[in-house]
Amino acid sequence: MSSPVAVYRDIYTEDQFKKLYGASEETKGSEKLRERVLKSCGCNKDACVKALKERIPILNWLPRYKLKKWLLGDAVAGFTVGIVHIPQGMAFALLTSVAPIYGLYTSFFPVLLYVLFGTGRHVSTGTFAVVSLMTGSVVERMIPRPVDLNSTSPEAAEIEAQKIGVAAAVAFLSGIIMVCMFALQLGFLSTYLSEPIVKAFTSAAAFHVTISQLQNMLGLRLPRYTGPFTIFKTLASVFEALPLTNMAELVISMACLSVLIPVKEINTRFRHKLRTPIPVEILMVIIATGIAYACSLDSVYEIQIVGHIPAGFPSPRLPALETLPSVAGDTLAITFVGYAVSVSLAMIYADKHGYTIHPNQELLAHGISNTVSSLFSCFPSSATLATTNILESAGGATQLSGLFTSLVVLVVLLLVGPLFYFLPKAVLACINVTSLRQMFLQFQDLPELWRISKIDFMVWVVTWLSVVILNVDLGLAVGVVFSMMTVICRTQRAGCSVLGRASNTEIYRSIKKNSKCYEIPGVKILAYNGPIYYGNRSFFREAMTNLLGLTPERIRRREKILKALEKKESLSIPTVESGVANASFSSENELFKSDIVDGEVQAVLIDCSSVIFIDVAGARLFIQMCIECQKAGVRIYLAMCNESVLKILTNSGLMDHMNPQHLFVTVHDAVVYIQQLKENSSEKTATIWV
């Protein structure tokens with residue numbers, strides 16, 4: 001057992017503590033503020049270089065790049081991710097309801113731009129299933145594709161151009177929103193998408209992706225549904241069309257799944273032993289394309305194939321800007337989802353490898369990536385779960401790995417792309433489904449979440465059900481609102497507890513949870529564990545009234561007694577001067593001695609350490625309760641108020657109804673002062689023994 005420690009010092013009120021240890025005068029503070037403003041607004045060479053490096057991080061980390069240590073890992077990881085990007089880019093283009101070539105474009109331009117502006121060393125950007133699915137819903141709502149349309153007709157080409165125009169417009173607006181958020185320093189907004197929301201949302205979105213790919217896996221030509229109850233509409237449509245299943249495409253799908261699932265499981269289980277993951281997706285694409293070409297599966301069995309993939313780069317052009325007003329609401333949801341996932345991934349790997357990322361700079365990086373890429377027929381991009389994991393596992397160390405990823409995609413765009421003409425769409429659908437493994441496995445977190453926090457568990461379940469039943473965007477909105485409501489409810493129903501003192505210590509804890517902590521006779525020490533604002537002021541008042549027993553009858557009775565005694569003698573209020581209690585106990589003490597029943601509350605001490613903020617409505621209620629306590633003959637003391645709370649209370653007029661000497665630095669200071677008053681001590685120095 002540790003030896004006891006005795007602490008000797010004076011009692012400190014807030015005023016005394018500020019005089020002895022407080023900040024400098026306001027004039028000096030204003031001078032410092034003026035100096036900081038002038039310094040920040042100053043323009044010199046060093047400041048410009050620093051600002052340029054902050055906005056273009058590659059200028060900061062590239063000169064310090066360690067070739068021998070990092071180059072091999074970045075090259076291997078970059079090439080590996082590039083190989084994965086090719087099939088996934090084409091597959092996720094199907095989710096976006098555009099041609100596969102646009103998935104390759106989206107796997108090239110955003111990756112290259114993130115190398116220049118991003119701060120996440122292990123982040124792989126490009127096509128992401130959830131973002132692609134949400135974008136595809138917008139595209140289908142704006143440009144629905146006729147089921148019986150011939151893919152080689154001029155009308156089909158026109159519809160395809162309109163679709164990528166809408167998808168690029170979503171990317172353009174998403175980028176503009178992110179850049180505006182960066183300008184306003186709103187990177188913190190991503191925190192409103194909590195971890196349970198993000199995990200539940202992505203897990204439920206994986207179900208949407210899987211259901212949406214059933215028609216491609218079965219060779220059915222069905223319309224793509226949007227809006228609420230999409231999953232149920234799609235399932236009903238698939239079951240109704242089951243007799244029309246193309247058996248050749250069903251066999252292709254079963255064969256692909258039987259290879260993709262086991263190999264991906266091997267990659268996951270032995271990722272620490274494998275230098276690079278087995279590139280099963282690209283191997284499957286190559287093999288399936290060769291078999292489809294050799295056997296003429298498109299003409300013999302009428303399977304759906306990718307078709308023409310042009311070689312080279314697209315010419316820059318503006319997206320369909322006229323559609324921006326119609327897609328603004330959906331784009332806002334896509335922006336928040338993409339940014340939240342990107343920042344979450346970046347932070348996870350930054351914490352793992354011991355470096356920091358800058359959320360606001362990430363806004364700029366993804367904003368520029370989406371805005372510029374939209375001019376080259378790209379749909380919205382973000383960081384991706386699967387490829388980021390592969391990048392880190394394969395030894396990637398810096399953003400330079402993105403350059404090697406872009407080189408792989410560039411080779412495909414310039415040379416190899418047209419060779420994928422006969423690639424069956426069923427193969428891409430299978431790649432889509434098997435890429436969601438991590439999202440489905442997030443169900444494993446539920447037992448632990450239930451054990452840690454029942455409220456977070458409910459947020460997870462409500463978000464998941466909302467996304468599955470309603471739709472991706474509506475479900476996300478429901479999840480965010482429900483999560484914020486749980487926070488509001490917790491602040492509204494914050495607990496108010498009675499504190500007792502642990503014997504021979506200065507420690508005060510709840511008497512309900514600590515049986516050996518005892519109340520100070522005649523003193524009620526209360527702790528309110530939450531803010532006091534317009535939303536919970538009634539709960540605060542109710543809790544205080546119940547604990548103090550401040551009934552209207554008692555207030556009226558005590559008020560009459562006080563008025564009667566005022567006629568007999570004038571009351572003097574004791575003060576604390578330099579830590580010394582006034583020697584005369586005053587007639588106030590005699591009042592409590594003569595009229596207070598033993599065990600009745602004479603003083604109330606409120607521990608404000610957990611009151612993180614208070615608004616005008618809360619401050620007025622505080623003052624009202626202070627007046628009522630005075631009418632009932634109960635003195636009010638405050639302890640451990642933070643500066644913002646104390647400032648609002650003071651500006652609201654609390655000091656007109658309360659002695660400034662009743663504001664104490666700690667609970668124990670206040671208790672010792674109150675006990676000295678009760679004992680009518682003549683000592684000039686208050687001693688605190690702990």
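This is a predicted model: local features need pLDDT of at least 70, side-chain atom pairs count only at pLDDT 80 or more; totals for chains, interfaces and linings use all residues.
Residues 235-261 form a span that is 78% helix and 0% strand, with end C-alpha atoms 23 Å apart; here helices (H or I, at least four residues) and strands (E, at least two) are DSSP runs, numbered from the N terminus. Residues are numbered from 1 along each chain as its sequence is written, and side-chain values use heavy atoms, with hydrogens and water left out.

**Annotated spans**

- Over residues 457-482, the chain is 92% helix and 0% strand, and the end C-alpha atoms are 12 Å apart.

**The chain as a whole**

- The secondary structure comprises 30 helices and eleven strands.
- Of the 690 residues in the chain, 53% are buried, where buried means under 20% relative accessible area, exposed means over 50%, and partly exposed lies in between (1.4 Å probe, protein chains only).
- The chain has an accessible surface of about 33200 Å², with 62% of it belonging to carbon and sulfur atoms; accessible areas come from the Shrake-Rupley method with a 1.4 Å probe, and for residues only the protein chains shown count as cover.
- Among contacts (heavy atoms within 4.5 Å) between residues at least 6 apart in sequence, 82% join residues at least 24 apart.

**Nonpolar surface patch**

- Ile 266, Phe 270, Ile 278, Leu 283, Ile 287 and Ile 291 form a nonpolar patch on the surface, and together they have about 500 Å² of accessible area.
- Patches are made of residues with over 30% relative accessible area and no salt bridge, like charges being joined within 9 Å and nonpolar side chains (Val, Leu, Ile, Met, Phe, Trp, Tyr) within 5 Å.
- Helix H14 (residues 280-295) gives the most to this patch, with three residues.
- Leu 283 is placed in helix H14 and is partly exposed, with a relative accessible area of 41%.

**Strand S3 and its partners**

- All seven of the seven residues of strand S3 (residues 496-502) are buried, so the strand is largely enclosed by the rest of the structure.
- S3 pairs with strand S6 (residues 523-528) in the antiparallel sense over four bridges, and Val 498 stands opposite Leu 526 in S6; two strands count as paired if DSSP finds at least two bridges between them.
- Strand S4 (residues 508-510) runs antiparallel to S3 and is joined to S3 by three bridges, with Ser 510 in S4 as the bridge partner of Leu 499.
- S3 and S4 form a hairpin with five residues between them, and Asn 504 in the turn has a positive phi of about 60°.
- S3 is also joined by two bridges to strand S5 (residues 517-518), again in an antiparallel arrangement, and here Arg 501 stands opposite Tyr 518.

**Salt bridges**

- The structure holds eleven salt bridges, each defined as a side-chain nitrogen of Lys or Arg within 4 Å of a carboxyl oxygen of Asp or Glu.
- Arg 141 forms a salt bridge with Asp 330, the closest N and O atoms being 2.5 Å apart; this pair links distant parts of the chain, since Arg 141 lies in helix H8 (residues 129-142) and Asp 330 in helix H16 (residues 324-353), 189 residues apart.
- Arg 141 is partly exposed at a relative accessible area of 39%, whereas Asp 330 counts as buried at 18% relative accessibility.
- Glu 195 and Lys 199 form a salt bridge with the closest N and O atoms 3.1 Å apart, and because they are four residues apart in helix H10 (residues 195-212), they are separated by about one helical turn.
- Glu 195 is exposed, with a relative accessible area of 53%, while Lys 199 counts as partly exposed at 24% relative accessibility.
- The side chains of Glu 519 and Lys 524 meet in a salt bridge at 3.4 Å, N to O; Glu 519 is partly exposed, with a relative accessible area of 34%, and Lys 524 counts as buried at 15% relative accessibility.
- Elsewhere, salt bridges that share partners join Glu 195, Lys 199 and Asp 445 into one network.
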